[in-house]
Amino acid sequence: MSLSVHRLRCTGCGVRIDGAQVQSNFRCVECGDLFEVEYAWSEGAVWPEGLAERGTVYRPNPIALKHLWQERKSSTLAVDQSGVWRFRELLPIVREERVVTLREGDTPLYEMPRVANSLGLNWLLAKHQGMNPTGSFKDTGMTAALSVAVSRGFTWVACASTGNTSAAMAAYAARAGLRSLVLIPEGKIAWGKLSQSMDYGATTVQLKTDFDGCVKVLSEIVKRAPVYLLNSVNPYRLEGQKTPAFEILEQLEWQVPHHLIVPGGNLANSSALGKGFMEMKHLGFIKRVPKISVIQAEGANPLYRWLQNGGEGQLQPVKAETRASAIRIGNPASWKKAAKVLAETGGWVEQVSEREIALAKAEIGAEGIGCEPASAVTLAGLKKLVADGRVGQEETAVLLLTGHTLKDSEYTIHFHRGDLLTTEELAGQTVAERAAFSRLQREPLVLDADVDVVLRALEKEAGQPV
Ligand code: F0G
């Protein structure tokens, strides 16, 4: 991988700059918008003379690359064992020796037969990004952006987070021997995630504000201190996060699924996956892209509202509230990029209620897969897309599960004990919903340590003598 075959292009005004010239808050000096990474082979790339020649020397060849990427799976090199860097020809942003990897990516694509059956779909798949080293999709982006931090000589990295970015950043910083600063909203992230950032040795600061407030504070800090910002405004994060698109295609033998359903928080992941699929199409790996749909929680739905209001002008931030704490975000940084992906792929935005999220999460758990609440919005949203025919029976849909079920075990325990929802929410349940909840709830039984007592409980569960 050579270092300078990429540049940063502003997604607002189109200005192009050298990667090393970008401001510490990753905003364009001209218009304040976000950048994306551009290569000489990118669609619409404009390169100055000389640089262009260097860049165009390399034109990705789909047939050769498909073979090479497969072959690397049996290599013993760390960069080959990573499901991100295995695809390094399409993200040449750092030199190989600078790569910081925990062997992320290469996550499973599971079938979901029971859920598919209940929705009347022939085939439903879940790409489980929770099976990454720190238990979320953030690892794929973190390996990319943190490697850039190393190559730029930073000793401190920082992020504001709802918990998963901070866990990933802390782990990768520890691997690289960098110091890391985590800003999280006090009392609003899941314990599993908080414990991770402490375990990996980050300086963990709980601020008395929400995620959006943490972002504000950090944007000022990076202006005043030599700290490298690893939030998803950092375009290198998205280069790593686009690689699951390549994996999905590989895992489906280069058949393009009809739909990809992604949870929406800060809206970087949907943007990254869109970039990945569109690059695959542009380079001739595939002929069409899946429709990428974004699902938001009802209480944290600024993109949904923006589109409902006609999708014109600026997005209005909301005061976010949802139990899916990973996506409790009211002012998403990457909303314009995500809106572009929706428009270019023909996908939709949906919002789902707390009750719908809880049920969907239990259904994913009952498939033996499990995920954290924010990931379950995908299934809750898919139900709506199926109900009104936007997703058809014959079509292949892939749910992007972003976090592992152990990330937020408290939520899961509350669901199964029956004390997750408020009295008001319970009162709003339909009869069918109530039945589905009680069919899935598995409250732990507390019994005497007596064989007969346990056997009786088993008979009661089985509904017959055992
Ligand atoms: N799912 C999970 C599990 C997440 O942690 C996040 C974001 C998302 C979905 C949404 O992705 O922001 O790219 O739209 N978590 C961030 C964090 C914000 O700090 O961990 P997005």
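A contact here means heavy atoms within 4.5 Å of each other. The model is a predicted one, and its protein has 19 helices and 13 strands. With a radius of gyration of 22 Å, close to the 23 Å the globule rule gives for 466 residues, the protein is as compact as a globular protein of that length.

**Overall build**
- Buried residues account for 57% of the 466 in the protein.
- If you take contacts between residues at least 6 apart in sequence, 69% of them link residues at least 24 apart.

**Zooming in on Thr322**
- You'll find Thr322 in the loop between helix H12 (302-308) and helix H13 (335-345).
- Thr322 has a relative accessible area of 3%, so it counts as buried, the cut-off being under 20%.
- Leaving out residues up to four places away in sequence, Thr322 touches Ala297, Ala300, Ile327, Arg328, Glu354 and Ile357.

**The Thr322–Glu354 pair**
- Thr322 and Glu354 are 32 residues apart along the chain, with 7.1 Å between their C-alpha atoms.
- Their side chains, Thr322 to Glu354, are joined by a polar contact of 2.7 Å.

Key:
Residues numbered from 1 in each chain as written. Predicted model: local features only at pLDDT ≥ 70, side-chain atom pairs only at ≥ 80, totals over all residues. Heavy atoms only, no water. Helix = DSSP H or I, 4+ residues; strand = E, 2+ residues; numbered from the N terminus. Rg over C-alpha atoms; globule rule 2.2 N^0.38 Å. Buried < 20%, exposed > 50% of the residue type's maximum accessible area, 1.4 Å probe, protein only. Polar contact = N/O pair within 3.5 Å; in protein donor to acceptor, adjacent residues only side chain to side chain.
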